[in-house]
Amino acid sequence: MSNKLLTGDGRTHIESKLMRESLQNRDVIGDTDSIKDRRILPDITVVSIGGQSIFDRGKAAIIPLSEELATLHNSREHAMLIAVGGGTRVRHTAAVALDLGLPTGGVAQLVGAMEELNAVILNSLLAQHGSITMPRDHFWDLPLYMNSGILPIVISVPPYHFWEPPAEVGQMPAHRSDFGVYQQAEVLGTSHVIYIKDEDGLYNKDPKEHDDAVLFEKIALDELLENPPETNMIDWAVFTSWKTGKNVKKIQIISGLNPGQLTKALAGEDVGTVITKD
Amino acid sequence: MSERKSLNDLGPAAISESGIAPGDYNPVAIMPDMRVVKLGGQSLLDRGRKALFPVLDELVAARKVGIPILIGTGGGTRARHIYSVASELELPTGVLAKLGSYVPMQNARMVQMLTAKHGGIYIMDDDFEKLPLYVQMGCLPIMTGMPPFGYWEKRDQNSRIPPNRTDAGVFLSAEFLGCNRVIYIKDEDGLFTDDPKKNKDATHIPRISADELIERDLDDLIVERVVIKYLKRSKWVKELQVVNGLKPGEVTKALNGENNGTIIYRD
């Protein structure tokens, strides 16, 4: 590395490997890569709570899960970052917005507010145990929270806002809550992400509609990508992005309607669906 | 166990994972008359006064005759320097995207200081909804070209550099606003068969389709690769125009809708 300023071609450069180079050039950008990404906060487990699957079921689903979270947090055995989804209000927002003809970026800009609501709901239940709603990009504060016994709650949807890229199919933003949770875990360098839904795990088709749906118990990411389920319980962008990711090693999908599942998952047990990546 | 509470009436349109039925979707253009313009970082700003002032003169002149313009700025050599430091430390792409957002922000602020007397105004992502105000007041809004993905930027296959940088951010601004064309002001006449800075035999390409460009599978490109990908599936943006800011008059022509430079179009 150097601190030299160079001129002579009409521009002023700082000497670096990328100086004067096109960042579109494959060889140039290839040189920036390596086999791993640095893990910033490796000991955190990111726990996602589904909007439709948990919050939209109301008290009967939310209370037992929040109690389990409180117990787990009070044990101080696990460093958790909780991410909440928005659920049916997100779908309603999108339905109205698209009927009005708003662009994909407009939908993306709107939906986060519906997740904020669930963050406030969950925080109302867990504040007495030390929870806090954290603006999602304030994660440089996480060491402070973790060392002070605080349980941070964030919204899930990534902050792509008006700049959400056009989707391959349709008008819905491709980068949604499940993806946002995965990506936050990836950049923090955590290795384990747990998605809490209202099914025992990931099935080959929607178990709510098909009696013969088969649960994936343990599956490798590559295998899953080759055999995508008919209906996706998790945003597919999670898996396509995970393919190029370096840090997350295990994604687990469990039922939040079965008390104890989260405790087992955090203890490293293979409950629900365990998806692994080499 | 209680059932999920869902809103039975999901509004006027039934929604699926991909949205509403294409026939039911009648997109609304938000601000279709805007000229969304990117000022190159390495290609213009790093060249300093000599390159930048004439370009700003043309932008201000166009604004004064009533052409609504939104400027997004690129990063340049300081962004390359921090990407280089961060790559050596093996920091994740999301962190690089965050780091990469500061330099275009500085550049936007420099352009604002220079154009303040002509209505130049620095806007942040959260000010985006105030664009109509700035336009109606005759201002020249200037923002970072970097999209706000930051830590949520996805990793590329064989690179640590964020794939969505300022070309992408400016494109996506135009797409949201419902504009048909995005103007990239750089230091070359547009697209060439090879890097004209390194190969003297490279020839200029005045017009090329996105498909053709993808098919050529060039090792280097004048705009970020994702932009070409987005152009293939955008609802509004149909053309990218790359013009040479070092040649007087080129920016004005582009702002007036002429087809100078290189046009990359969707079939």
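Let's start at B:Glu188, which touches B:Pro196, B:Lys197, B:Val243 and B:Asn244, leaving aside residues up to four places away in sequence. Contact here means heavy atoms within 4.5 Å. You'll find B:Glu188 in the loop between strand S5 (181-186) and strand S6 (191-192) of chain B. Helices (H or I, at least four residues) and strands (E, at least two) are DSSP runs, numbered from the N terminus. B:Glu188 is buried, with a relative accessible area of 16%. Buried means under 20% relative accessible area, exposed means over 50%, and partly exposed is in between, with a 1.4 Å probe and protein chains only.

A quick word on ground rules. This is a predicted model, where local features need pLDDT of at least 70 and side-chain atom pairs count only at pLDDT 80 or more, while totals for chains, interfaces and linings use all residues. Residues are numbered from 1 along each chain as its sequence is written, chains are lettered from A and ligands numbered from 1 in the order in which they are written, and side-chain values use heavy atoms, with hydrogens and water left out.

Now let's step back to chain B as a whole. Chain B has nine helices and ten strands. Its radius of gyration is 20 Å, close to the 18 Å that the globule rule gives for 267 residues, so chain B is as compact as a globular protein of that length. That radius is taken over C-alpha atoms, and the globule rule is 2.2 Å times the number of residues to the power 0.38. Along its principal axes, the C-alpha trace of chain B spans about 70 × 45 × 35 Å. Of the 267 residues, 58% count as buried. And if we take contacts in chain B between residues at least 6 apart in sequence, 70% of them join residues at least 24 apart.

Next, the place where the chains meet. How many residues of chain A are in contact with chain B? There are 84 of them, in contact with 82 residues of chain B. The size of an interface is often given as the accessible area lost when the parts come together. Here the area buried between chain A and chain B is about 7500 Å², and carbon and sulfur atoms give 55% of that. Buried area is the accessible area (1.4 Å probe) that two parts lose on being put together, summed over both.

Across this interface, the rule finds 34 residue pairs in polar contact, both residues at pLDDT 80 or more. A polar contact is a pair of N or O atoms within 3.5 Å; within protein, one must be able to donate a hydrogen and the other to accept it, and residues adjacent in sequence count only if both atoms are side-chain atoms. Several elements of chain A give two or more residues to the side that touches chain B, among them helix H2 (59-75), helix H3 (88-99) and helix H4 (104-126). Which one gives the most? That is H3(A), with nine residues.

On to salt bridges, each a side-chain nitrogen of Lys or Arg within 4 Å of a carboxyl oxygen of Asp or Glu. The structure holds 26 salt bridges over all chains, and seven are found across the interface of chain A and chain B. In one salt bridge, B:Arg155 pairs with A:Asp33, their closest N and O atoms being 2.8 Å apart. B:Arg155 lies in the loop between strand S4 (140-144) and helix H6 (166-177) of chain B, and A:Asp33 in the loop between H1 and strand S3 (44-49) of chain A, so the pair joins two chains. Is this pair buried or exposed? Both B:Arg155 and A:Asp33 are buried. There is also a network of salt bridges linking A:Asp9, A:Arg11, B:Arg47 and B:Asp187.

Within chain B, B:Lys186 and B:Asp167 meet in a salt bridge through their side chains (3.4 Å, N to O). B:Lys186 lies in strand S5 and B:Asp167 in helix H6 of chain B, so this pair ties together parts that are 19 residues apart in sequence. B:Lys186 is buried at 11% relative accessible area, and B:Asp167 is buried at 2%.

Finally, a bit of backbone. Most residues other than glycine have a negative phi. B:Glu90 has a positive phi, near 60 degrees, and its place is in the loop between helix H2 (77-88) and helix H3 (93-99) of chain B.
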